[in-house]
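Please report on the fold below. Cover the sheet, the helices and the packing between them.

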Amino acid sequence: MLFKELKPKVVDILNNNDNSVTDRLHEICQLLSDTIEYYDWVGFYFKNGDKKELKLRTYVGEETDHEIIPFGKGICGQVAVSNENFIVPDVQAQDNYIACSFSVKSEIVIPLFKDGENIGQIDIDSETPDPFTEEDERFLEFVNQEVAKIL
């Protein structure tokens, strides 16, 4: 039920043209972090120009050193290459995981497409082991589809 209630709030934030795109994305991060108990770090990465890397645009949560992520490196970098959702129930079990914080137990990354091209992603870290479900996937796909409309 929570995701259903969040959808109109997401749309309202994104349709507020008084704020910059980055400010609206930050508001989305804040909304998700504040509302969903196990969303402990929420951020948007985007392709960095013509470079084969992602650049962090905005986030809510603990500070991170991972503002630039090469394609293929870590979960985010893998999603930039695979163009597919990636749910990691246990980050310790992943060989190609970039540790952001010792408290992070799981992660979900959903690619963001604009005109059929993977231009970025929403990345969520959780301090809860294995909390992400198919409902999270569908909701975050919705968020990214709405975000794509303002880019």
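The report starts with the sheet and then turns to cores, helices and single residues.

This is a predicted model: local features need pLDDT of at least 70, side-chain atom pairs count only at pLDDT 80 or more, and totals for chains, interfaces and linings use all residues. Residues are numbered from 1 along each chain as its sequence is written, and side-chain values use heavy atoms, with hydrogens and water left out.

## The sheet

Helices (H or I, at least four residues) and strands (E, at least two) are DSSP runs, numbered from the N terminus. Two strands pair if DSSP finds at least two bridges between them. Six strands form an open sheet, and the pairing is antiparallel. Their order is E3-E2-E1-E6-E5-E4. Strand E3 (68-70) and strand E4 (86-88) are the edge strands, each pairing on one side only. From one strand to the next, the twist averages 25 degrees.

| Strand pair | Sense | Bridges | A bridge partner pair |
|---|---|---|---|
| E4 and E5 | antiparallel | three bridges | valine 88 and glutamate 107 |
| E1 and E6 | antiparallel | six bridges | glycine 43 and aspartate 123 |
| E5 and E6 | antiparallel | nine bridges | glutamate 107 and aspartate 125 |

Glutamate 107 has bridge partners in two pairings: valine 88 and aspartate 125. E5 and E6 form a hairpin with two residues between them. In that turn, aspartate 115 has a positive phi of about 55 degrees. E6 is mostly covered: nine of its ten residues are buried. Buried means under 20% relative accessible area, exposed over 50%, and partly exposed in between (1.4 Å probe, protein chains only).

## The cores

A nonpolar core is a set of buried Ala, Val, Leu, Ile, Met, Phe, Trp, Tyr and Cys residues joined through side-chain atoms within 4.5 Å. The largest one has 31 residues. Leu32, Tyr39, Phe44, Ile122, Phe139, Leu140 and Val143 touch the most other members. Helix H1 (2-14), H2, E1, E5, E6 and helix H4 (134-150) each supply at least two residues of this core. H4 gives the largest share, seven residues.

What does isoleucine 122 contact, leaving aside its neighbours within four places in sequence? Its partners are Leu32, Val42, Gly43, Phe44, Ile108, Val109, Ile110, Leu140, Val143 and Asn144. Contact means heavy atoms within 4.5 Å.

A second, separate core has 14 residues, among them Leu56, Cys76, Ala80 and Val91.

Axes are lines fitted to C-alpha atoms, for helices over the stretch in contact, and angles run from 0 to 180 degrees between N-to-C directions. Helix H2 (residues 21-35) packs on the sheet. It touches strand E1 (41-47), strand E2 (53-60) and strand E6 (117-126). The direction of H2 makes about 60 degrees with that of E2.

The axes of H2 and H4 come within 11 Å and cross at roughly 165 degrees. H2 is therefore roughly antiparallel to H4. Angles under 35 degrees count as roughly parallel, over 145 as roughly antiparallel, 65 to 115 as roughly perpendicular and the rest as oblique. On the H2 side, Val21, Arg24, Leu25, Ile28 and Leu32 take part. They meet Phe139, Leu140, Val143, Val147 and Ile150 in H4.

Isoleucine 28 lies in H2. At 0% relative accessibility, isoleucine 28 counts as buried. Neighbours within four places in sequence aside, isoleucine 28 is in contact with Val10, Ile13, Leu14, Phe44 and Val143.

## Glutamate 137

Glutamate 137 sits in helix H4. Is this residue buried or exposed? Glutamate 137 is buried, with a relative accessible area of 16%. Not counting residues up to four places away in sequence, glutamate 137 touches Asn85, Ile87, Ile108 and Ile110. The C-alpha atoms of glutamate 137 and isoleucine 87 are separated by 8.5 Å, and the two residues are 50 apart along the chain.

## Helix H3

Which residues of helix H3 (residues 74-82) are buried? They are Gly74, Ile75, Cys76, Gly77, Val79 and Ala80. Their cover includes E1, E2, E3, E4, E5 and E6. Just after H3, asparagine 83 takes a positive phi of about 65 degrees.
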